[in-house]
Amino acid sequence: MFRFFLVTGIGLAVINGWISWWLWRALSGTGWLRIVLCILVLALGAAFPLLYKGHGDTLAHVWTLRAGAFWMGVAFYAFALVLIADIWGLGARLFGAMPPAPPRWGAVLLVMGLPLLLGVGSWFNAAFPVLRHYDITVRTQGPVPSTYVDKPLKLGVITDIHLGRLLTAERLGRAIELLAPEQPDAILYVGDIIDDHIKLDAEATAAALAVAQPRLGHWAVPGNHEYISGSIDKSLDFLRAVGMQVLRDQWAVVDNSFVLAGRDDLSKPGFTGIQRGSMEEILADLPEQYRGLPLVVMDHQPAALDEARDAGAALMLSGHTHNGQLWPFNFVTELRYENPLGLLTKGNFHSIVSAGTGTWGPPLRTTGRAEVLLVTVHFASADNAAP
């Protein structure tokens, strides 16, 4: 994890340094204006990496951190335009057509203005999630659970909300408001619920959860940010305190109708030196009378699909990928995961991966909207299945 932050910090230094250098050249002859703009770019570029791992909670600290996070997303696209402009200028010099003499106001407005407009639009993408519906059929080994003979099971799914200084419980409440009218039987929080503990508000978070009253309760598993945010025990204690039932390499029989297994996060060994339990180990003490029930697995990272399928899971719910969050990083997640987003079905096994309800780092999304899922599960007896 230290390596990740080191590489990220170096990358941000290069990006913002190059943007400042380009502005300095483009605004030659404008006096104090270019000095102010260059200092502003460097200050915003340094804000997130310097303040994110700090513990400041003052209003100035929090809003400077948020401004730095917003700029981090905008700067990525500004840097791309700056590179294009420099390559264009180099080509013009090589082929004898000199670029316009500075100050180049049109180029500056394009390089800075277009990414800022994109940032505002993608902030709306991130701040106002949509409700996405998935409809699946699960074959049971025995009779269909009596509760679901005439009606399906409805599962609300929220992932990657990243509560802390950047995103508050208000965002969580907005997400649960989308689910409440659908009257889900349970709401599942599939990791990265917490980003940092500095501005966590237990009372406000509990109030957000109370917006919906699922009859089977609120269930959660840890993600990698429950570890990154500090003590994993502190993270899990917070989740329990606000009303979530936490499964950490554990199972629970829910409604005498299905088994819900929650996996610890794949990043656990990197923080604790201890491997997470395998599906076989997690289910080892499941009583025989429950082994015929449909198995639903919550696993933050969608990296162990085959293991869940081999364990007999009918449904695996994940997040973590954010669908890349910022283009073109969605192509990276597509290369890394068999199912980076949406529904993947293999026989009686269904993998559903959410793009996430919140954001990490830049509060922006250019690869799609933030989302909350409603998964409708229809049970059908395997004995009555069509060939």
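Guide: Helix H8 (residues 232-241) lies across strand E4 (218-221) and E5, running at about 140° to E5; helices (H or I, at least four residues) and strands (E, at least two) are DSSP runs numbered from the N terminus, and the angles, from 0 to 180 degrees, lie between the N-to-C directions of lines fitted to C-alpha atoms, for helices over the stretch in contact. This is a predicted model, in which local features need pLDDT of at least 70 and side-chain atom pairs count only at pLDDT 80 or more, while totals for chains, interfaces and linings use all residues. Residues are numbered from 1 along each chain as its sequence is written, and side-chain values use heavy atoms, with hydrogens and water left out.

E4 and E5 belong to an open sheet of six strands with mixed pairing, in the order E1-E12-E2-E3-E4-E5, where two strands pair if DSSP finds at least two bridges between them. Its edge strands are E1 (130-140) and E5 (244-246), each of which pairs on one side only. On average, neighbouring strands in this sheet are turned by 25° against each other, direction ignored. H5 packs on the sheet as well, touching E1, E2, E3 and E12, and the direction of H5 makes about 160° with that of E2; contact here means heavy atoms within 4.5 Å.

Strands of a sheet pair through backbone hydrogen bonds, either parallel or antiparallel. Both senses occur around E2: strand E2 (residues 153-158) runs antiparallel to strand E12 (residues 371-381), with five bridges joining them, whereas E2 and E3 run parallel and are joined by four bridges. Leu153 stands opposite Val377 in E12, and Val157 has Leu188 as its bridge partner in E3.

E3 is largely enclosed by the rest of the structure, because five of its five residues are buried, buried being under 20% relative accessible area, exposed over 50% and partly exposed in between, with a 1.4 Å probe and protein chains only. In a regular strand the side chains alternate between the two faces of the sheet. Accordingly, Ala186, Leu188 and Val190 are on one side of E3 and Ile187 and Tyr189 on the other, with both faces covered. H5 contributes buried residues of its own, namely Ala169, Arg171, Leu172, Gly173, Ala175, Ile176 and Leu179. The elements that cover them include helix H4 (105-127), E1, E2, E3, helix H6 (202-209) and E12.

Between helix H5 (169-179) and strand E3 (186-190) there is a loop that holds Asp185. Asp185 counts as buried, because its relative accessibility is 7%. The side chain of Asp185 reaches the backbone nitrogen of Lys154 at 2.7 Å, a polar contact being a pair of N or O atoms within 3.5 Å, where within protein one must be able to donate a hydrogen and the other to accept it, and residues adjacent in sequence count only if both atoms are side-chain atoms. Beyond its neighbours within four places in sequence, Asp185 touches Tyr148, Lys151, Pro152, Leu153, Lys154, Pro214, Arg215, Leu216 and Gly217.

A second open sheet, also of six strands and with mixed pairing, has the order E6-E7-E8-E9-E11-E10. Strand E6 (250-254) and strand E10 (342-346) stand at its edges, each with a single partner strand, so one side of each has no neighbour in the sheet. Within it, strand E9 (residues 313-318) pairs with strand E11 (residues 349-353) in the parallel sense over four bridges, and Leu317 is found opposite Ile352 in E11.

Finally, some ring and charge arrangements. Arg34 lies over the face of Trp24, at 3.7 Å from the ring centre, and the charged end of Arg66 sits over the ring of Trp63, 4.7 Å from its centre; the criterion is NZ of Lys or CZ of Arg within 6 Å of the ring centre and within 35 degrees of the ring normal.
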